Amino acid sequence: MNSRWQYRVASVGATLALTLVAVLVANHPFVQNLFALVPYFGGPAPAVLAGGQFTVAIATTVGVVAAAMWPVFKPRPRRILDTILLTQKRVLLAMVGLAALGYYNYTYKLPRSTLMIVTGLLFVVLPVAMAAIRRRPPGTERAVLVGDDPEAMGDVLATTDLDVVGYVSPFAGRDGEPSPDQAGYTDGGVVVEADPLAELECLGGLSRLEEVLVAYDVDTAVLAFGDADRMEFFGTLDTCYEHGVVAKVHRDHADSVLTSGVSERELLDIDLEPWDTQDYVVKRAFDIGFAATGLVVLAPVMAAVAVAVKLDSPGPVLYSQERTAEFGDRFPVYKFRSMVTDAEAASGPKLSEEDAGEVDPRVTRVGRFLRRTHLDEIPQLWSILVGDMSVVGPRPERPELDTEMETAADTWRRRWFVRPGLTGLAQINDATGHDPEEKLRYDVEYIRRQSFWFDLKIVIRQLWDVGADAVRTVRPNTDR
């Protein structure tokens, strides 16, 4: 059994066993009598369950705790402190769920005293157990090199003491392509004289990375890409994230990734999960609530806009454009059409549907109004609802513009580590793609500071700006 399944089995087993023990201890008459002595909190103890009622109460408690702990059971590269804090959050969530069952008069609810005792016990013992299970015995960490740059991969081998079981390269198995395991080859006209990977086994191409991680029980993947295709590079990161494998990069090649703090070590941990699981859950709940409410409330407005767009000029009501998503993936963004059909192919300035200014003759009369009032953005609420976007996050760009901005800002890819958003810190500070460095600074700052309250502040600020723009559209002489 590999380490990931060992962790899953051990963490689930420990949770079920410790929860069972906690309920048995909390229901014991001696413990109930002791708890009754606690001022204020002790009443109405003692409350001891018995028979079938106690059996069903145990099953309910174990089931609710196991469900709340589900994110902890999935292997993820976490620090010990992060594991402890996440487990404690999930314990509290489970107890809130059990209390809610009691509020709705569930037949076999836990008595108040038992619930409080179980909460206290699990709040202490479960985090300790999860942290102990998460730690691997020293000397058992297994790593794999993933990259397309033999020289960079050789640098990693020279500086690491990890147990490297082999390497995965996008060149492996390609007909007519040079392989890093050759003693000498020509790559783009440059002759590589030495092979730093001669004694390391080639485990296959990137298409086999997932299979390699499982088959070799890999804990760590060290990335050593040169000028990698974004889909290869970020596809590798995505695979590592899905399998709970720690991703590392040499400090000299860390410009395109988020790293965990500052370190003097040669290999830096890539921050594949910059936000806590709890933050993701709260953020996703907010996204769904915001998008669903917006689509319902604005349904009459969308119907009116659709009719206006259709009557104003021939063509579809919606405009679709491909944008860059999390980990460099791509997804379609939908907006109400504000330009003539096939505007990209029309003569005039080569501006996108989103970037074209009001003086562009390709913008329709209704389109000018939609742009000024931001009503053309409403269909993106659907992208938020289905999970392609968030309400708040780095604004997604067109793939070809991303390529241009990477030239102006070397660390541009760092913004791809989170889901893109309808608005963001850069947008409310008027930072645009005309200054990629400034926009990137705001996006990375948001990634580092993200919280529900920070998102809420950004949304309120954006709504205020949208309202001000709408007022200026109706009353052009109104000051901001």
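**Confidence and core packing**

Author: This is a predicted model, and the protein chain averages a pLDDT of 77, with 74% of the residues scoring at least 70; pLDDT is the predictor's confidence in each residue, from 0 to 100.

Reader: Where is confidence lowest and where is it highest in the protein chain?
Author: Strand β3 (residues 185-187) is lowest, with a mean of 46, and helix α13 (residues 380-385) is highest, at 93. Helices (H or I, at least four residues) and strands (E, at least two) are DSSP runs, numbered from the N terminus. The pLDDT is below 50 over residues 173-192, a stretch that has 26 contacts in the model beyond near neighbours in sequence. Residues 347-358 are also below 50, and that stretch has 33 such contacts. Contact means heavy atoms within 4.5 Å.

Reader: Thanks! How many helices and strands are there in the protein chain?
Author: The chain has 17 helices and twelve strands. Of its 480 residues, 47% are buried; buried means under 20% relative accessible area, exposed over 50%, and partly exposed in between (1.4 Å probe, protein chains only).

Reader: Which residues have the most contacts inside the largest nonpolar core?
Author: They are Val65, Met69, Met95, Val118, Leu122, Leu126 and Met130, in a core of 29 residues. A nonpolar core is a set of buried Ala, Val, Leu, Ile, Met, Phe, Trp, Tyr and Cys residues joined through side-chain atoms within 4.5 Å. Two or more residues each come from α1 (3-26), α3 (51-68), α4 (70-73), α5 (80-103) and α6 (112-134). The largest share, seven residues, is from α6.

Reader: What does Leu126 touch?
Author: Setting aside residues up to four places away in sequence, Leu126 touches Ala14, Thr15, Leu18, Val65, Met69, Thr87 and Val91. There is also a second, separate core of 24 residues, which includes Met302, Val305, Ala325 and Leu370.

Reader: How do α11 and α12 pack?
Author: Helix α11 (residues 299-312) and helix α12 (residues 365-373) pack at about 145°, with axes 8 Å apart. Axes are lines fitted to C-alpha atoms, for helices over the stretch in contact, and angles run from 0 to 180 degrees between N-to-C directions. On the α11 side the contact uses Val305, Ala308, Val309 and Asp312, and on the α12 side Arg365, Val366 and Leu370.

Reader: Switching topic, how many disulfides does the structure hold?
Author: Zero, taking a disulfide as a pair of cysteine sulfur atoms within 2.5 Å. As for two cysteines, Cys240 counts as buried because its relative accessibility is 0%, while Cys202 is at 30%, so it counts as partly exposed.

Reader: Last one: what is the phi of His374, and of Asp430?
Author: His374 has a positive phi of about 65° although it is not a glycine, and Asp430, also not a glycine, has a positive phi of about 60°. Most residues other than glycine have a negative phi.

Reader: Where do those two lie?
Author: His374 is in the loop between α12 and α13, and Asp430 is in the loop between α15 (425-428) and α16 (436-449). His374 counts as partly exposed because its relative accessibility is 29%, whereas Asp430, at 59%, counts as exposed.

Notes
Residues numbered from 1 in each chain as written. Predicted model: local features only at pLDDT ≥ 70, side-chain atom pairs only at ≥ 80, totals over all residues. Heavy atoms only, no water.
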